[in-house]
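User: Could you walk me through a few spots in this one? I'd like the details with their cut-offs.

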Amino acid sequence: MRKWVLSGILASEEIYLSHLEALLIPMKPLRAAATTSQPMLTIQQTETIFFKVPELHEIHKDFYDALLPRVQDWGHQQCVGDLFQKLASQLGVYRAFVDNYKVAVETADKCCQANAQFAEISENLKVKSTKDCKDQSAKNSLETLLYKPVDRVTRSTLVLHDLLKHTPSSHQDYALLLDALRISQNFLSSINEEITPRRQSMTVKKGENRQLLRDRFMVELVEGSRKLRHVFLFTDLLLCTKLKKQAAGKGQQYDCKWYIPLADLTFQTIEDCESTPIPLVQDEEIDALKIKISQIKNEIQREKRTTKGPKVIERLRKKLSEQESLLLLMSPNMAFRVANRNGKGFTFLISSDYERAEWREIVREQQKKCFKSFSLTSLELQMLTNSCVKLQTVHTIPMTMNKEDDESSGLYGFLNVIVHSASGLKHSLNLYCSLEVDSFGYFVNKAKTRVYRDSTEPNWNEEFEIELEGSQTLRLLCYEKCYNKTKQSKDDGENADKIMAKGQIKLDPQTLQNKDWQRAVIAMNGIEVKLSMKFTSREFSLKRMPSRKQSGVFGVKINVVTKRERSKVPLIVRQCVEEIERRGMDEVGIYRVSGVATDIQALKAAFDSNNRDVSVMMREMDVNAIAGTLKLYFRELPEPLFTDDLYPNFAGGIALSDCVAKESCMLNLLLSVPETNLVTFLFLLDHLKRVAENECINKMSLHNLATVFGPTLLRPSEKDSKISNSSQPISMNDSWSLEVMAQVQVLLYFLQLESIPTPDSKRQSLLFSTEV
């Protein structure tokens, strides 16, 4: 049997040598022509493209020439282990080849675009026929042949495993083959991360490789319904599949829903097609899912500390996966449309402009290499779909929460980001930047700089405070502002402004735990944006810090401020509300989108110093900065508007299941807060209801507003409130779900009430006690 295995190895070596020789054939004349007056390629380009190919050919020719006579003169005691050991010791040449591989392919691609003659040669390289490969007409591209050594080295251990299987442990070869296997395995583990993407391929007609570029779980909009799909982008087509339900004892299987050859694929905007309305999911449902995910995650961690066994944890993991799938299905609302050559459109829903731009870029780049349309037979389509099980790189729903044995995945707290400047622009542009961070596995837009007009070196120097909820990545997008009003009305999330560059940076907890500002540069498409970042953990940021300067407004008790001003509602609250109602009611994301921190701090200083020009300052500032100032005022109150004493009762009252009891209890509690607090709250409540009346324009529902203001108005000044002071240790995620969501629900309850008794109502008429 060893002889038959070795005969197969010889046949494989012969074919591999013919591939290497096919590369050497054009290399020699190209190298010679490089020194003439009309070179096709420079010497440097030739050396880069064919780097280490002669050395690889020499190694394998020596191996083949030494192995062939030993196999031909076969006997049971024949030894070949020394040859395999020598071959394994020369794997360092492959290391150099793999390191250069990407540069070689990119150089070849650029040379093909610059020189039509070289492009013709590189697409029609003939491989000499062998006894086992007699197809004389088969032609190979340069890129296909350059991939052969990469493919070869990844399979080196398979040959040794086969040979060892049929070599007795007492044979002289056994120890030598084991050593060769050890060397090969160590080598492969050292380069595995670099070559894994290139291994995601399958062979198709004419010896070419169909390679997997990326795969993702995505949401497809089908006849108004959201469907979870697994989408595979290959080098020549986009494939949309559905994961079949697994029957007992059967492996994973995919159903093909549709595919489009990249040569036929086009991107559609809302103007290009009959738009199907995107079914929006209520924010309450999204937050309810987040709470369930947080609670299941915490249950898993608690079960790990008990001895109930793995079955309970496995059941919880399955439950977690179901909830995460639901969240992925329900959360995205931004349309990404593609169409085939007949104009039939398909719509995906994604969560961020960054992701949509990323898909478009990678497809457009690949389309430059795809010139022909094609159709797959049913058998070919079945084979392709079956191959996805092995080729897939994404195996689970992409949730930041679903990190095994990682209770503290991501950062919780506030990230201050200063967007300094951009450089590398070739033309003057009207440029602005948008910031996104991830939360629960999808990205949300958090802040936007002002538009810097007509410049090649925009210099914003704007600071933003961004709340993080398990965030791991900060994304930045640079847009050129579109001032054509006819293009600005988009109702599918499509931004009329053009993305000029995009990039991202990992939020490293180790680096950011340092309280100092951290400088960073995001390089993208030749453009560099300079940032500074400073992180404040949730534990520290949740503390209410009374101001030492009692003559100011921020950090001073609300009754002290109103008494000094001789007013029922603090002047800062009235002025901010008036300005926002004057010009901010149609602002998309008002109160949610961060204002410029430097503007907010300037307004804070003006209010604290009783600056009479504060109203003039406000008129000149971005309305998001004014909204940010109002939020900051309530956040920095030394005691929350709902008071520390009453907070546990509010949290208990909102949890009551009986509607009548809940209403009576909540109203009684509200009328128990100090009169200044109550009047201020009712003033703010009316304002927030008016903001929500414009929800179709500003996208701020009552629930969105409750999410923003709930923690600000209710969070107690003492760190360990009754809710968080549990006998069981809880993670940050559960702190978020229990504390914050209770606060959100309390404010939402009052926002949804049609009417609330005024402060001068007879409090004695209420029948229920304030105790819960």
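Analyst: Helices (H or I, at least four residues) and strands (E, at least two) are DSSP runs, numbered from the N terminus. This is a predicted model, where local features need pLDDT of at least 70, side-chain atom pairs count only at pLDDT 80 or more, and totals for chains, interfaces and linings use all residues. Residues are numbered from 1 along each chain as its sequence is written, and side-chain values use heavy atoms, with hydrogens and water left out.

User: OK, which helix is T629 found in?

Analyst: T629 belongs to helix α20, residues 623–635.

User: And is T629 buried or exposed?

Analyst: T629 is buried, because its relative accessible area is 0% (buried means under 20%, exposed over 50%, partly exposed in between, with a 1.4 Å probe and protein chains only).

User: What is T629 in contact with, leaving aside neighbours within four places in sequence?

Analyst: T629 touches F554, I572, C576, I600, L603 and F607, contact meaning heavy atoms within 4.5 Å.

User: What does β12 pair with over seven bridges?

Analyst: That partner is strand β16 (residues 473–480), in the antiparallel sense; two strands pair if DSSP finds at least two bridges between them.

User: What about β13?

Analyst: Six bridges join β12 to β13 (residues 442–448), which run antiparallel, and the two strands form a hairpin with two residues between them, where F440 in the turn has a positive phi of about 55 degrees.
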